[in-house]
Amino acid sequence: MSTALVHKKANPQQHILLSTGFIVGLLLLLLNDFVLKAQFGNVLTGKLSDFAGLFVFPLFWAALLPRHKAKVFWATGLLFVCWKLPMSQPLIDLWNEVGPFHIARVVDATDLLALLVLPLAYRYQPGLPSTQHTRAWSRVLMMVAAFAFLATSYSSEIPVNQNHTFHFPLDTLKQRAFHCSKLDSVNTADAIASIGATKLLELDIPYEFCFGGFTIFFEVADTTSQEVTLHLVQLLHRCPAEETDGAKMGKALSELVQALESGN
């Protein structure tokens, strides 16, 4: 069979999923989520998944729904905005109550800069696949892409009901938390600045555990001029739950509290 005939039989789905741009974007998304974030955890790795994800996600769905490409891209942009802003929290809470797995995300308005990649993805023109096994390879890449999209937001939840009281003012807690070596200051700056507000806050804790760390959700239970009490609500990590999770996270949490109390 000639290459020309293979190209004629290849559909738009295969063209996109087997294209160099899509494959590179997908590999970058997986590499960043499972390797780079755990190893480095800086501003670049914090934004890289958003840019890579916003490139491959709409292309994936545009490949499946080629007649609705424009709608796919508009829906992707709107959903991403909702996902990154606090307005989506009630829906996330509902899903985590009834869904088969938990999802989590960091509320950070600066992540919306990743929307700049959508026009580039929309104008992306994939070349023709050079292999004769386009259908088989496109199915493989579909499964890999689906895994990557789910893994980005997958989480396991450990509910907690604890209070920790710090014997110093709220401003001191903020200052210590921002400079604390036990916290990921890149992803938690907004939460630290919001301590004291009447809402659920989240802090990322780097640790030798499940892709380099986990997330703690808390609220300020009480504050005076001399004390601050934090109420811990839940802990989340990105791996399947295990019986030892509570002990591992409890140890990390104790180290965090000690660091905040000592100012290290």
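This is a predicted model: local features need pLDDT of at least 70, side-chain atom pairs count only at pLDDT 80 or more; totals for chains, interfaces and linings use all residues.

Me: How many salt bridges does the structure hold?
Reply: Let's start with the general idea. Side chains of opposite charge can pair when their charged atoms come close. Going through the structure for such pairs, the count of salt bridges comes to three.

Me: Which helix does K47, the partner of D111, lie in?
Reply: The side chains of D111 and K47 meet in a salt bridge, with N to O at 2.5 Å. D111 sits in the loop between β1 (102–103) and α7 (117–122), so the pair ties together parts 64 residues apart in sequence. K47's own place is helix α4 (residues 43–64).

Me: What is the relative accessible area of K84, and is K84 buried or exposed?
Reply: K84 meets D50 in a salt bridge at 3.7 Å, N to O. D50 lies in helix α4 and K84 in helix α5 (residues 69–84), so this pair ties together parts 34 residues apart in sequence. D50 is buried at 12%. The cut-off for buried is under 20%, and K84 is buried too, with a relative accessible area of 7%.

Me: Which residues are linked in a network of salt bridges?
Reply: K84 also forms a salt bridge with D111, and their closest N and O atoms are 3.0 Å apart. That pair links distant parts of the chain, 27 residues apart. The linked residues are K47, D50, K84 and D111.

Key. Residues are numbered from 1 along each chain as its sequence is written. Side-chain values use heavy atoms; hydrogens and water are left out. A salt bridge is a side-chain nitrogen of Lys or Arg within 4 Å of a carboxyl oxygen of Asp or Glu. Helices (H or I, at least four residues) and strands (E, at least two) are DSSP runs, numbered from the N terminus. Buried means under 20% relative accessible area, exposed over 50%, partly exposed in between (1.4 Å probe, protein chains only).
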